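The exercises below are meant to be worked through with the sequence and the model side by side. Try each task before reading its solution.

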Amino acid sequence: MKTIDDFNFEGKKALIRVDFNVPLNEAFEVTDTNRIEAAKPTIIKVLEDGGSAILMSHLGRPKGQPSPELSLSHICDAVSDIIGVEVKFVSDCIGKEAEEAVSQLEDGEILLLENLRFYEEEEAGDADFAKQLAQWGDIYVNDAFGTAHRAHASTTVVASSFGDQKCFGYLLAKEIKAIETVMETGKKPVTAILGGAKVSSKITIIENILDKIDHLIIGGGMTYTFVKARGGKVGDSICEPDKADLALSILEKAKAKNVEVHLPVDVIAADAFSNDAQTKVMPVDQIEAGWQGLDAGPETLEIFKKVILDSKTILWNGPVGVFEMEQFSKGTIAVGNYIAEATDKGAFSLVGGGDSVAAVKQFGFESQVSYVSTGGGAMLESLEGKVLPGIAAILED
Ligand code: AMP
């Protein structure tokens with residue numbers, strides 16, 4: 001894997017694809033700077049080597065049209081503050097103006113190009129547009145994991161103009177390493193905790209990871225499709241009856257591959273999908289009509305705890321309850337705590353793809369797990385076993 005550490009940027013212009021798709025408030029101020037901070041080490045490395053950095057990103061969905069409210073000029077000050085170097089801005093990403101700005105850029109300086117998606121050619125992966133972008137740099141660096149699953153001009157197509165002068169930035173390299181640890185190199189026992197609302201959205205992931213894990217913990221809304229498929233009563237819980245056969249076949253495949261599946265045994269059931277609902281602990285397969293399971297029950301959490309604390313490698317994707325409502329957040333918080341404890345004891349833990357990332361941030365576990373992925377869709381596709389085009393493009397010669 002070729003990373004930025006394999007290059008010396010002295011006197012070179014690095015064309016860096018970053019993910020600066022950050023939220024802005026009504027005054028066009030950046031309200032969450034995480035993504036900018038995440039790109040900082042890569043930018044600093046280029047500058048400290050004695051090179052210059054040309055940053056390119058998208059912001060929002062302008063649908064191929066310039067739209068002032070989605071101009072990356074709004075984030076220039078925030079980037080300057082975070083990197084600690086005044087960032088220059090050019091109000092186009094290709095053409096004469098960009099050419100001039102690039103030619104005037106000196107070593108140690110940073111130039112931010114205007115929103116790539118002001119051109120429809122970006123998302124279309126247009127080869128000519130990619131070539132125009134490629135002119136700006138001597139070395140191409142991809143550090144945008146969040147868009148690595150898209151074959152866009154700046155994330156994938158542009159790489160082919162750089163021969164062997166292309167590499168992963170630190171952030172993208174960290175994401176790849178974290179996935180590799182869970183899927184290939186991690187110590188056993190390896191445990192995947194899959195939650196979230198529906199089986200249908202996780203099926204490809206489950207099928208892909210069964211070969212790589214020892215334990216599969218299933219939680220959240222997915223639970224009830226499995227329970228019902230086995231003949232249990234799930235009351236009004238979220239359920240996909242048309243996926244019953246699929247659920248049973250997953251359980252069979254897991255058995256054949258010696259993967260231990262841990263399904264909830266009890267749940268916090270509620271008489272409405274509301275934080276003010278009445279609640280009762282019920283066995284997972286005997287939920288009464290008019291009631292729905294919205295969180296993991298106490299016995300379930302004890303089982304999950306034991307499995308998680310015995311694990312050496314942990315993947316968490318999807319909450320085990322409706323954590324957005326305080327009354328049903330305890331299971332997800334408990335799972336976060338067990339993972340934090342296991343990590344403290346030396347396990348590697350990756351939280352990625354789906355709402356478990358939001359939960360980890362909301363409940364303050366971010367610094368207590370080994371790695372929290374920055375890419376939702378990209379992480380899901382990686383867990384599904386797909387080779388992301390943005391990653392493949394760097395690996396190709
Ligand atoms: P995902 O994006 O697949 O990780 O799904 C996350 C969503 O699943 C969250 O919004 C949770 O509220 C929801 N969820 C988790 N458990 C349940 C449940 N028992 N019933 C309904 N929704 C759930």
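**Exercise 1: the ligand and its shell**

In the model, an N or O atom in the side chain of Lys202 lies 3.1 Å from an oxygen atom of the ligand. The model is predicted, so that local features need pLDDT of at least 70 and side-chain atom pairs count only at pLDDT 80 or more, while totals for chains, interfaces and linings use all residues. Residues are numbered from 1 along each chain as its sequence is written, and side-chain values use heavy atoms, with hydrogens and water left out.

Task: Which polar backbone atom is 3.0 Å from a nitrogen atom of the ligand, and how many residues surround the ligand?

Solution. Begin with the polar contacts, which are pairs of N or O atoms within 3.5 Å. The backbone atom at 3.0 Å from a ligand nitrogen belongs to Gly293, and a polar backbone atom of Ala197 is 3.1 Å from a ligand oxygen. Of the 510 Å² of accessible area that the ligand has on its own, the protein covers 83% (Shrake-Rupley method, 1.4 Å probe). Next, count the shell, in which a residue has a heavy atom within 4 Å of the ligand: 16 residues surround the ligand, and Glu324 and Gly221 are among the closest. By class, this shell has six nonpolar, seven polar and three charged residues, with Gly counted as polar.

**Exercise 2: the largest pocket**

Solution. A pocket is an open set of points on a 1 Å grid, with protein on both sides within 12 Å along at least five of seven lines, and lining residues have an atom within 4 Å of a point. The volume, taken as the space filled by probe spheres set on the points, is about 590 Å³ for the largest pocket. Its lining has 25 residues, with Lys361, Glu366, Val372, Ser373 and Thr374 nearest the centre.

**Exercise 3: a salt bridge**

Task: Where in the chain do Glu109 and Lys88 lie?

Solution. A salt bridge needs a side-chain nitrogen of Lys or Arg within 4 Å of a carboxyl oxygen of Asp or Glu, and the count by this rule is 13. The side chains of Glu109 and Lys88 form one, at 3.2 Å from N to O. Glu109 lies in the loop between α3 (95–104) and β4 (110–113), and Lys88 in strand β3 (residues 87–90), so the pair, 21 residues apart, links distant parts of the chain (helices are DSSP runs of H or I with at least four residues, strands of E with at least two).

Key:
Polar contact = N/O pair within 3.5 Å; in protein donor to acceptor, adjacent residues only side chain to side chain. 1 Å grid on protein atoms, 1.4 Å probe; cavity = no way out; pocket = protein on both sides within 12 Å on 5 of 7 lines; lining within 4 Å.
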